[in-house]
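Here is a short report on a protein model with its ligands. Keep the structure in view as you read.

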Amino acid sequence: MVSSYRGYRAPQGMLSWALHRLTGLGVLLFLFLHIIDIFLVGYGPELFDDLLFIYHHPAFVVGQIALIASVYYHAANGIRIILVDFWSNGYKYERQLFYGAMTVFFIAFIPTATIMIMALLDEL
Amino acid sequence: MQVQFRIERFNPDQDTKPWFGEYTVDVEPTDRVLDALNLIKWRQDGTLTFRRSCAHGVCGSDAMRINGRNRLACKELVRDYGSKITIEPMLGFRVIKDLVVDMEDFFASYRTLQPYLVNDEPPGVGRERLQTPEEREIFDDTTKCIMCGACTTACPITWTNEDFLGPAAIVNAHRFIYDSRDHGANERLDVLNSKSGVWRCRTIFNCTEACPRGIEVTRAIEQIKRTLLTGE
Ligand code: HEM
Ligand code: SF4
Ligand code: FES
């Protein structure tokens, strides 16, 4: 088989999968970053504190908001995938479960994002 | 009505890469996309190459991407698409010419799963192997497959993973695994439990969306995953 991807008009199921993989890999990237910064504590608290400014930089805070969005989406849609896998009627409600997951996502994300954006504006 | 067709063309003897041919045809709204392709081939450009045989959705020859999704050209009415229609070959297979793709690997995957009755014992009374309607019902959905390839080439996993057996092969394994007359389930399940088997499926549902026979493809794959986990 020769891969010749040019275009498939994505149904909603394909979008939810692409986002799941994207957010999964995005969260993994942040996890690596976090392992590195915790590792640096071994070189003394001063070094760690000196580098904390990176975490307060507005660009990084925006990144953190994206991280939260990714975790929320990945978790909500992860539950949907688990239901499709283990509940024998799950396949029938795949689409409804996706809309449910998106509802959960927004209910969780909007307040969190509001708090984070307010805090960011306060610091500026 | 007038319909503008954009059709992906590729002749390996002449072209280095695929290109789009444009054709305008006069068709009835109730004509099928296949009728329009025939008109183009017969009246405008005889070199346009595509497979079709039954023209009634039973042989599985004419699966292709119509406006970006896998469909049988003989089952789609022009009026459901409007005045602009784009036709491309199925994804993931080598293009032999225009809309004709090489499906050897597709059938090879199918054959690894013994898509036939496996049972060495002699049949019972009256030379028939009896089965209750309830036993038949369990695999009814997957008996409807016509091996068109729409599901397999709609699946993003098959576009990048050459080893994945693909939805169509799994559907046809499902057809026999849950048949009370068949004894080959364990061998098929072993193949499906391997790296190239059902665990490659990420429940994307593109296969189910594409199947022209309305088979619940993802459901069949998920049922096999659960059988592998629970033994039921
Ligand atoms: C926070 C750390 C997490 C990371 C780094 C992570 C990462 C990933 C990655 C990379 C995949 C592979 C996606 C694919 O192959 O398409 C994945 C799949 C999955 N994740 Fe996560 N995940 C995390 C948390 C979660 C949580 C909290 C849940 C559910 C509550 C979850 C549920 C799932 C499920 C069900 C899959 C399988 C999806 C599939 O088969 O396509 N994950 N995860
Ligand atoms: S399951 Fe449906 S889409 Fe897949 S090969 Fe069979 S008929 Fe075609
Ligand atoms: S030509 Fe036979 S299925 Fe379309």
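## The iron atom of ligand 1

The iron atom of ligand 1 has His74(A) as its only protein donor. The donor atom is NE2, at 2.0 Å. Bear in mind that this model is predicted.

Where does His74(A) sit? His74(A) belongs to helix H3 of chain A, which covers residues 58–86.

## Helices around H3(A)

H3(A) packs against helix H4 of chain A, residues 94–123. The angle is about 160°, and the axes lie 9 Å apart. Angles over 145 degrees count as roughly antiparallel, so H3(A) and H4(A) are roughly antiparallel to each other. Their crossing is right-handed. The contact of H3(A) with H4(A) holds 22 nonpolar, 3 polar and 2 charged residues.

Helix H2 of chain A, residues 45–56, also meets H3(A). The two axes come within 5 Å and cross at roughly 65°. On the H2(A) side, the contact uses Ile54(A), Tyr55(A) and His56(A). H3(A) supplies Pro58(A), Phe60(A), Val61(A) and Gln64(A). By class, the contact of H2(A) with H3(A) has 5 nonpolar, 2 polar and no charged residues.

## A helix pair in chain B

Now turn to chain B. Helix H6, residues 167–177, packs against helix H7, residues 185–192. The angle here is about 155°, with the axes 10 Å apart. How are H6(B) and H7(B) oriented, roughly parallel or roughly antiparallel? H6(B) and H7(B) are roughly antiparallel, because their angle of about 155° falls in the class over 145 degrees, as stated for this pair. The crossing of H6(B) and H7(B) is left-handed.

Which residues make the contact? H6(B) brings Ile170(B), Ala173(B), Phe176(B) and Ile177(B). H7(B) brings Ala185(B), Arg188(B), Leu189(B) and Leu192(B). By class, the contact of H6(B) with H7(B) has 7 nonpolar residues, no polar ones and 1 charged.

## The shell around ligand 2

Ligand 2 has 13 residues around it. Those that come nearest are Cys145(B), Ile146(B), Cys148(B), Cys151(B) and Cys211(B).

What classes make up this shell? The shell around ligand 2 has 11 nonpolar residues, 1 polar and 1 charged.

Conventions. Residues numbered from 1 in each chain as written. Chains lettered and ligands numbered in written order. Predicted model: local features only at pLDDT ≥ 70, side-chain atom pairs only at ≥ 80, totals over all residues. Heavy atoms only, no water. Near = heavy atom within 4 Å. Nonpolar A, V, L, I, M, F, W, Y, C, P; charged D, E, K, R; others polar. Axes fitted to C-alpha atoms, helices over the stretch in contact; angles between N-to-C directions. Helix = DSSP H or I, 4+ residues; strand = E, 2+ residues; numbered from the N terminus. Parallel < 35°, antiparallel > 145°, perpendicular 65-115°, else oblique. Left-handed = near helix turned anticlockwise from the far one by under 90°. Contact = heavy atoms within 4.5 Å. Donors = N, O, S within 2.8 Å, 3.2 Å for Na, K, Ca; no water.
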